[in-house]
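My entries follow the model.

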Amino acid sequence: MPSVPEVAFSRPCFGIEEEEAAARAIRSRWVVGGPSLAEFEKRFAEVCGAENAVGVSSWTTGAFLLLKALGIGPGDEVIVPSLTFIASVNVIMHAGATPVFADIDPATFNIDPEDAERKVTPRTRAILPVDQIGLPCEIDRFRTLAAAKNLILIQDAACSFGSKFRGAPVGSLAPYSVFSLHARKVITTGEGGMIVTNDGELSAKLRRLRHQGMSLSDYQRHASSPTTFESYPEIGYNFRITDIQAAIGVAQIQKLDGFLARRRAIAQAYIDGLKDNAIVVAPSVPQHVAPNWQSFQVRVRDGKVSTRNALMEHFYCHGVATRRGVMASHLEEPYRHMAARLPHTEAVALSSLQLPIFPDMTNADAERILEVLSRFAT
């Protein structure tokens, strides 16, 4: 049994461009709140088709800032899928609000709009649909629901930078979207996040809140006279992303088209190779959606957790790293007391796993993974 899998599960794609960008930021001495951050925010917003992007230290801090800035807190309910990385749920609790779990469409792994609508109560203030595995949710249906019920709509786009829905980029589809820049994402700064919105006034507030509520950014203060002093009109936080990270992000965004093309080629190889596979079924992609394939998640056909686990062990014994599928947050200790009934969520969480996918994977790697799968016996 190999101690280190020969085919990694995921790997950031860095080159000399990222090294040089980070070095330039370091040499400039503008290592936080400077020109690299401004450039990264501008380019990120352009890709999303939005007017503003606000860089933060993580998806979680970004979503928290947004909830606080929008006044969501104690007494409020926020509808969210349970089938998501637990940060999507935790951040609602951090803001003092209450998560209300909705079930999913098992074919796409995304939140079911009809079940979300059933979960609306007089206390509901917001909906937080998640774009799972980089496959955009049915955001147009959530826009309609939010408008009908007078709810705030925040798209958890942690995994979906570069994805499109009905031809429009994710980030242009909801009033507020929050992205992740974690190491497993399509572009990465190691850690970090980005809030995207067309609301200029809110963006200015978010920039203050990420920096202890300070009225002037570092860049503005350094460009002003020595007697231009900042003030602190509101209580803020330290949720900044550094200029070193932002410089890496600029280099990554310049490679986005290539990253997406490579991920889509690997995903297509998987999809072609899994047609009529007796063991697993590939995710379903609606025709109006163009995912970025941040992850490639499959389900075992018999729905058994024992089969899923045995398949993961089989891959590992043959030098291929995998991960379990997206978790069911409501089954974790902090949320079990809610006793949510989510049959599709639980079935998917127990029967799914994720295959390797990242730009540096070779065609031979994908062929090997499919060949290893073909040798699995239930």
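I looked up β2 (residues 77–81) and β6 (residues 124–127) and found them paired in the parallel sense over three bridges. Strands here are DSSP runs of E with at least two residues, helices are runs of H or I with at least four, and both are numbered from the N terminus. Two strands pair if DSSP finds at least two bridges between them. I checked V78 and found that its bridge partner in β6 is A126.

I noted the source: this is a predicted model, where local features need pLDDT of at least 70, side-chain atom pairs count only at pLDDT 80 or more, and totals for chains, interfaces and linings use all residues. Residues are numbered from 1 along each chain as its sequence is written, and side-chain values use heavy atoms, without hydrogens and water.

Next, the whole sheet. I read its order as β1-β11-β10-β7-β6-β2-β3, an open sheet of seven strands with mixed pairing. The edge strands, β1 (52–56) and β3 (98–102), each pair on one side only.

Then I turned to a helix. α6 (residues 139–149) lies across β6 and β7 (152–156) and runs at about 160 degrees to β7. Axes are lines fitted to C-alpha atoms, for helices over the stretch in contact (heavy atoms within 4.5 Å). Angles run from 0 to 180 degrees between N-to-C directions. I also saw α7 (residues 200–209) pack on the sheet, touching β1, β10 (176–180) and β11 (193–197). The direction of α7 makes about 15 degrees with that of β1.
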